[in-house]
Amino acid sequence: SDFCLFPADIISTVEFNYSGELLATGDKGGRVVIFQHEQESKNRPHLRGEYNVYSTFQSHEPEFDYLKSLEIEEKINKIRWLPQQNAAHFLLSTNDKTIKLWKISERDKRAEGYNLKDEDGRLRDPFRITSLRVPVLMPMDLMVEASPRRIFANAHTYHINSISVNSDHETYLSADDLRINLWHLEITDRSFNIVDIKPANMEELTEVITAAECHPHQCNVFVYSSSKGTIRLCDMRAAALCDRHSKFFEEPEDPSSRSFFSEIISSISDVKFSHSGRYMMTRDYLSVKVWDLNMENRPVETYQVHEYLRSKLCSLYENDCIFDKFECYSYWFFAIMTGSYNNFFRMFDRNTRRDITLEASRESSKPRATLKPRKVSTGGKRKKDEISVDSLDFNKKILHTAWHPKDNVIAVAATNNLYIFQDKIN
Amino acid sequence: MSEEVEGTRTLNEQQEMEDKVISPEKAEEAKLKARYPNLAPKHGGSDFLRKRLQQKGQKYFDSGDYNMAKAKMKNKQLPSAPTEKTEITGDHIPTPQDLPQRKTSIVTSKLAG
């Protein structure tokens with residue numbers, strides 16, 4: 001098995017901004033690295049530009065919870081970009097307890113020729129100034145600065161798993177295991193609690209919140225998923241406290257097939273709306289499901305990610321892999337992408353129903369080479385080029401992936417490595 | 001009376017065998033139960049969830065303990081290997097700094113029932 005030498009470098013979240021020009025990654029060490037899409041070079045127009053490092057900054061530091069004597073990890077759980085309103089870029093990054101709004105701005109000019117200051121900053125003697133001049137803006141090497149503009153703290157007793165920017169571009173929600181809060185981007189000392197599923201008696205606790213997302217167009221609607229495989233849609237116009245859902249999505253289960261593992265593998269690790277807002281997709285341990293918001297009693301589509309793991313659940317429970325939280329991402333809801341083990345990731349075409357398994361690893365891919373489809377053999381006979389289920393490396397998990405909002409470019413995080421794959425332009 | 005009980009048992013066994021054939025999930029469940037007979041019948045109970053809510057990040061005795069541990073980590077070039085500390089005992093009387101980090105006391109294996 002393979003262990004990461006530098007655990008702080010493990011990538012914990014990946015997200016493109018609205019234009020796809022920037023790609024942000026957060027890691028276990030609390031750092032955010034932003035990549036920028038370089039313009040296509042005139043010499044090689046058949047290749048899309050590459051993504052290069054644009055800015056790196058330390059977003060969160062480890063903290064100590066004095067009340068519980070527990071360390072608060074600096075690991076970045078989620079990054080969400082704000083829509084761009086001016087030259088600067090804004091993003092929200094969160095660890096278990098604190099959300100921060102970061103401003104990333106460029107500086108490529110510097111004023112020179114001040115009257116009261118020397119070029120090195122020393123104050124000039126005012127009596128020696130005999131004439132006035134207007135400072136001139138001179139070009140300088142591009143500097144990208146990241147500064148924290150807002151810190152939204154002390155609103156979560158439990159661990160934050162999701163943040164989602166609302167379509168009103170003024171508010172956003174943050175969700176922990178038991179509660180969801182609504183914030184205004186300008187106000188840091190207050191937030192509204194909109195969902196609270198904490199029971200009066202903690203011994204009655206049966207499920208926790210696993211993910212939450214705002215509707216892409218209706219700023220009063222959001223959804224949250226649970227560890228029991230259910231999704232609740234809530235309407236903030238209906239009540240101030242959305243403990244009662246407006247819609248409840250759950251796939252009926254065949255009681256005869258229920259096992260010890262049923263509830264664990266039904267736990268939803270990610271929920272995402274389609275661009276239209278008509279559909280949503282959820283990721284549980286073995287599958288991705290597409291739901292029509294108008295149909296609560298079952299999903300409209302189910303895609304098997306790695307069904308062959310169903311006969312390995314015992315060992316996956318013993319080594320805790322059964323609790324891994326995979327994310328899913330879609331490209332305009334035509335295609336769905338999600339990760340698996342052994343650095344494999346899966347892509348599903350919703351129209352043709354075709355699916356493909358690809359690998360993100362240095363050994364299997366050279367720069368500019370086409371990725372070869374991979375296959376896991378489940379039966380007794382293993383074909384050449386297939387890998388057997390028992391040879392899969394369960395330490396190599398692809399939990400975080402993202403799709404460019406406009407182009408066929410994907411970002412795949414494999415432990416501490418980031419892979420960016422692009423479609424060739426014809 | 002005993003004949004009836006025996007008949008029921010055979011029926012249950014038959015059902016279990018059918019389950020194994022039909023559902024790989026149930027076969028895995030049987031495997032787990034064979035290894036851990038004391039396992040709670042239903043996973044996902046409030047005990048497990050409550051542990052999940054609390055357990056994250058290392059537990060320290062107090063903030064002083066935490067700050068000392070952080071200072072130690074800064075001095076080291078590589079991430080400290082926990083095995084190093086266990087070799088110290090036996091050689092000299094250990095001081096609190098030498099002992100491994102105090103593990104959180106609420107951790108019990110989810111398999112211990």
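Predicted model: local features only at pLDDT ≥ 70, side-chain atom pairs only at ≥ 80, totals over all residues.
Residues are numbered from 1 along each chain as its sequence is written, chains are lettered from A and ligands numbered from 1 in the order in which they are written, and side-chain values use heavy atoms, with hydrogens and water left out. The predictor gives the complex an ipTM of 0.75 and a pTM of 0.84.

**The A–B interface**
- About 3600 Å² is buried between chain A and chain B, 58% of it on carbon and sulfur atoms; buried area is the accessible area (1.4 Å probe) that two parts lose on being put together, summed over both.
- Chain A puts 44 residues into the contact and chain B 36, with contact meaning heavy atoms within 4.5 Å.
- Three salt bridges link chain A and chain B (a side-chain nitrogen of Lys or Arg within 4 Å of a carboxyl oxygen of Asp or Glu).
- A:Glu318 pairs with B:Arg35 in a salt bridge, with the closest N and O atoms 2.5 Å apart.
- On the side of chain A that touches chain B, strand E5 (63-65), strand E6 (70-72), helix H1 (262-266) and helix H2 (313-318) each give two or more residues; helices (H or I, at least four residues) and strands (E, at least two) are DSSP runs, numbered from the N terminus.
- H2(A) gives the most to that side, with five residues.

**Confidence in chain B**
- Chain B has a mean pLDDT of 67, and 39% of its residues reach 70 or more; pLDDT is the predictor's confidence in each residue, from 0 to 100.
- Among the elements of chain B, helix H2 (residues 24-35) has the highest mean pLDDT (89) and helix H5 (residues 82-86) the lowest (45).

**Inside the chains**
- Over all chains, the salt bridge count comes to 33.
- One of them joins A:Arg31 and A:Asp9, the closest N and O atoms being 2.6 Å apart.
- A:Arg31 is in strand E3 (residues 31-37) of chain A and A:Asp9 in the segment before strand E1 (11-16), so the pair ties together parts 22 residues apart in sequence.
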